[in-house]
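Dear colleague,

Please find below the structure that I am handing over to you.

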Amino acid sequence: MVKEKVLVIGASGQIGVELTLALRRIYGNANVVASDLREENELLKGSGPYVSLDVMNKEMLHVQVIRQNITQIYLLAAILSATGEKNPNLAWHLNMQGLLNVLDIAREEKLHKVYWPSSIAVFGPTSPRQECPQRTIIEPSTVYGISKYAGEFWCNYFFERYGVDVRSIRYPGLISYKSAPGGGTTDYAVEIFHEALDENNYTCFLKEDTYLPMMYMPDAIRATIQLMEAPAKNLTVRTSYNVSALSFSPKEIAAEIKKHIPEFTIRYQPDYRQHIADSWPQSIDDSVAREDWGWKPEYDLSRMTADMLQNLPKQ
C-alpha cells in the first residue's frame, strides 16, 4: 500500500483546523502537513508539521509538494460570501487562481487525490428554494458563488481531460465551537452561541424566518472524509456533491438555545447579508451523495445546540 502524504492548504481556517486533526488521526501526525498564510491555529500546535504557504505562489507551492512528497492536497483557502462582496476582484482572483495552481500541480506531479470545497452559494435566486436538486438551474448572484461554480467546472475539466481525481462537496453553512466563522452569510449560526453564553442576547443580521441549509462541523468533516475514501468508480459527480443535514431559521435556533438558557433574547437587524441569504435555497436534496457514497448526517438541531453549549465554554 502506497503511503499517503497529505497537504492541507488553509489549515487554520474554520474547516481546516478540524479537518487537519481528523486527517492526522487517519494518516498519522507526521503525514499531514498543515499550511496557511495565517499563524498556526492553537489547536494545531504540536500535533504535526506546519508550513507558511501562499497558494497564490505557484512556484513555492510546487516546491513544497515535491519536497514533502505530497500525494493528496486539500485546498480550503478561500474568501467567503460576505467578505467577497466587499472586494469582488480579490475574491475572484484568490478563489480561482488558487484552485488552478493546485490542479496544475496535481496534474504535473500525478497526485492521488485533490479535495476542494464548493458551496450552496453556487445556487441563485432562480434555483429551486425547497429540496434544491443536484442538477438544476444555477445562476449565482455573489462573486463567491460565481467563483465556486466556475471552480466546479475546472475540477470536472481536469478530471475528464487529465484524469486528476479531484472531489468536492457543496457545503451548507457550517457551525463549529472549535474555530471562528470566516466571513460567510451563515455566520450568525455560530455567533449566536458565543453571544448567548457571553451576553444572554444576540442581534441577528438576518430576518427571523430566514431558512438556510446548515451542517454541524463533525458531520461536515465526516462527509469530507467519506467522500475522499469512497472508491472512484462509485462517484458519478465530478463537479461537486450536494450534501444536507439541517435547515433552520434564526427564530428556531434561538428557541432551541432558550431551552438551555431561558433568559436568552434575540433581536433582528437585517443587513446586506439578507439579500445574499434570500438568493440561496432553504433546503438541499442530497440523494445523489447518499446513493453514491452512503452519506447520512448524525446531528439534528437539538443535538447540535446541546453539544455547542456544552463544549463552547471549554474553548
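Tyr115 has a relative accessibility of 0% and therefore counts as buried; buried stands for under 20% relative accessible area, exposed for over 50%, and partly exposed for what lies in between, with a 1.4 Å probe and protein chains only. Please note that this is a predicted model, in which local features need pLDDT of at least 70 and side-chain atom pairs count only at pLDDT 80 or more, while totals for chains, interfaces and linings use all residues. Residues are numbered from 1 along each chain as its sequence is written, and side-chain values use heavy atoms, with hydrogens and water left out.

Aromatic rings

A pair of aromatic rings is described by how far apart the centres are and by the angle of the planes. Rings of Phe, Tyr and Trp (its six-membered ring) pair if their centres lie within 6.5 Å; the pair is stacked if the planes are under 30 degrees apart, edge-to-face if over 60, and tilted otherwise. Twelve aromatic pairs are counted by this rule. In one of them, the ring centres of Tyr74 and Tyr115 are 5.7 Å apart and the planes stand at 40 degrees, so this pair is tilted. Because Tyr74 belongs to strand β4 (residues 72-75) and Tyr115 to strand β5 (residues 113-115), the pair ties together parts that are 41 residues apart in sequence. Helices (H or I, at least four residues) and strands (E, at least two) are DSSP runs, numbered from the N terminus. Tyr74, at 1% relative accessibility, also counts as buried.

Tyr157 and Tyr162 form an edge-to-face pair, with 6.2 Å from centre to centre and 80 degrees between the planes.

Two arginines lie over ring faces. Arg238 is placed over the face of Phe159, 4.1 Å from the ring centre, and Arg273 over that of Phe205, at 3.5 Å. A charge sits over a ring if NZ of Lys or CZ of Arg is within 6 Å of the ring centre and within 35 degrees of the ring normal.

Pocket and cavity

Both kinds of space are found on a 1 Å grid over the protein atoms alone: a cavity is a set of points where a 1.4 Å probe fits but cannot get out, a pocket is an open set with protein on both sides within 12 Å along at least five of seven lines, and lining residues have an atom within 4 Å of a point. Grid points are joined across faces, edges and corners, and a volume is the space filled by probe spheres set on the points.

The largest pocket holds about 790 Å³ of space. Its lining has 41 residues, and those nearest its centre are Gln14, Leu76, Ala78, Leu80 and Gly182. Two or more lining residues come from each of α1 (14-27), α3 (81-86), β6 (118-119), α5 (143-162) and β9 (173-175); the most, three residues, come from α1. By type, 20 of the lining residues are nonpolar, 16 polar and five charged. Here Ala, Val, Leu, Ile, Met, Phe, Trp, Tyr, Cys and Pro count as nonpolar, Asp, Glu, Lys and Arg as charged, and the others, Gly among them, as polar.

How many cavities of 30 Å³ or more are there? The count is one, and the largest cavity has a volume of about 40 Å³. Among the residues that line it are Val55, Ala78, Trp116 and Lys148. Helix α4 (residues 88-109) gives the largest share of this lining, four residues. The lining is made up of seven nonpolar residues, two polar and one charged.

Lys110, in the loop between α4 and β5, is not a glycine but has a positive phi of about 55 degrees. Its relative accessibility of 68% makes Lys110 exposed. Glu131, in the loop between β6 and α5, likewise has a positive phi, near 50 degrees, without being glycine; at 47% relative accessibility, Glu131 is partly exposed.

Pro231 lies in the loop between α7 (217-229) and β12 (241-242) and is partly exposed at 38% relative accessibility. The C-alpha atoms of Pro231 and Trp293 are 8.4 Å apart, although 62 residues separate the two along the chain.

The buried residues of α7 include Met217, Asp219, Ile221 and Leu227.

Yours sincerely
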